[in-house]
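Thank you all for coming. I would like to walk you through one protein model this morning, and I will ask you to keep the sequence and the picture side by side as we go.

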Amino acid sequence: MEQLQNIKYSIGVDLGGTNVKFGIISRKGKIAKKVILPTNANKGPDVVISQIIKGINTLLENSKIEIKGIGIGTPGTVIIKKGTVENPPNFSGWEKVQLGKIISKKLGTIVNVENDANAA
């Protein structure tokens, strides 16, 4: 079994119209823990962002794993350099949301945002 302190972990977030799926992933691709929450996409970006924060905090609860960053796969047009999501289908009120910047500021870690089809 791999020594915990030698493994680098990241959090993967799959933002979907119905659910948000979260996982703590080792650099070797092993899932250490996962969580699924409803997206609540029809309630606007603030509620969805709250769900993302809640899911990440739930993953990290009672965990001593050091996270190196967060990757978010999302529908819609993504401006990668800015971490901005534009007009994702089935998401109310999302014209242009600086998702990467918002999550990074709230959690104090690196956040990369990518279109979900490209991330797959």
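Predicted model: local features only at pLDDT ≥ 70, side-chain atom pairs only at ≥ 80, totals over all residues.

Residues are numbered from 1 along each chain as its sequence is written, and side-chain values use heavy atoms, with hydrogens and water left out.

The protein has three helices and eight strands, where helices (H or I, at least four residues) and strands (E, at least two) are DSSP runs numbered from the N terminus. Along the sequence these elements come in the pattern β-β-β-α-β-β-β-β-α-β-α.

How does the radius of gyration compare with that of a compact globule of 120 residues? Such a globule would have a value near 14 Å, and the protein has 14 Å, so the two agree; the radius is taken over C-alpha atoms, and the globule rule is 2.2 Å times the number of residues to the power 0.38. Along the principal axes, the C-alpha atoms fill a box of roughly 45 × 25 × 25 Å.

Buried residues make up 42% of the 120 residues, with buried meaning under 20% relative accessible area, exposed over 50%, and partly exposed in between (1.4 Å probe, protein chains only). The accessible surface comes to about 7,300 Å², and 48% of that belongs to carbon and sulfur atoms; these areas come from the Shrake-Rupley method with a 1.4 Å probe, and for residues only the protein chains shown count as cover. If we take contacts (heavy atoms within 4.5 Å) between residues at least 6 apart in sequence, 54% of them join residues at least 24 apart.

Let me turn to helix α1. The expected span of a helix is 1.5 Å times one less than its number of residues, so the 16 residues of α1, residues 45-60, should span 22 Å, and the end C-alpha atoms are 23 Å apart, which agrees. Which residues of α1 are buried? They are P45, V48, I49, Q51, I52, I53, G55, I56 and L59. The buried residues of α1 pack against β1 (9-15), β2 (19-26), β3 (31-38), β4 (67-74), β7 (96-97) and α2 (99-107).

L59 and K28, by contrast, are 31 residues apart in sequence and 19 Å apart in space, C-alpha to C-alpha. Just after α1, N62 takes a positive phi of about 55°.

Next comes strand β4, which is mostly covered, with six of its eight residues buried. Strands β1 and β4 run parallel and are joined by five bridges, two strands being counted as paired if DSSP finds at least two bridges between them; here D14 has G73 as its bridge partner in β4. β4 also pairs with β8 in the parallel sense, again over five bridges, with G71 opposite N112 and T74 opposite N115.

T74 itself, in β4, counts as buried because its relative accessibility is 0%. Apart from residues up to four places away in sequence, T74 touches L15, V85, V113, E114, N115 and D116. Strand β8 (residues 111-115) has a covered face of V111, V113 and N115, and an uncovered one of N112 and E114.

Finally, there is an open sheet of three strands in the order β5-β6-β7, with antiparallel pairing. Its edge strands are β5 (77-79) and β7, each of which pairs on one side only. Between β5 and β6 (residues 84-86) there are three bridges in the antiparallel sense, and T77 has E86 as its bridge partner in β6.

Leaving out residues up to four places away in sequence, T84 touches T77, V78, I79, K96, V97 and Q98.
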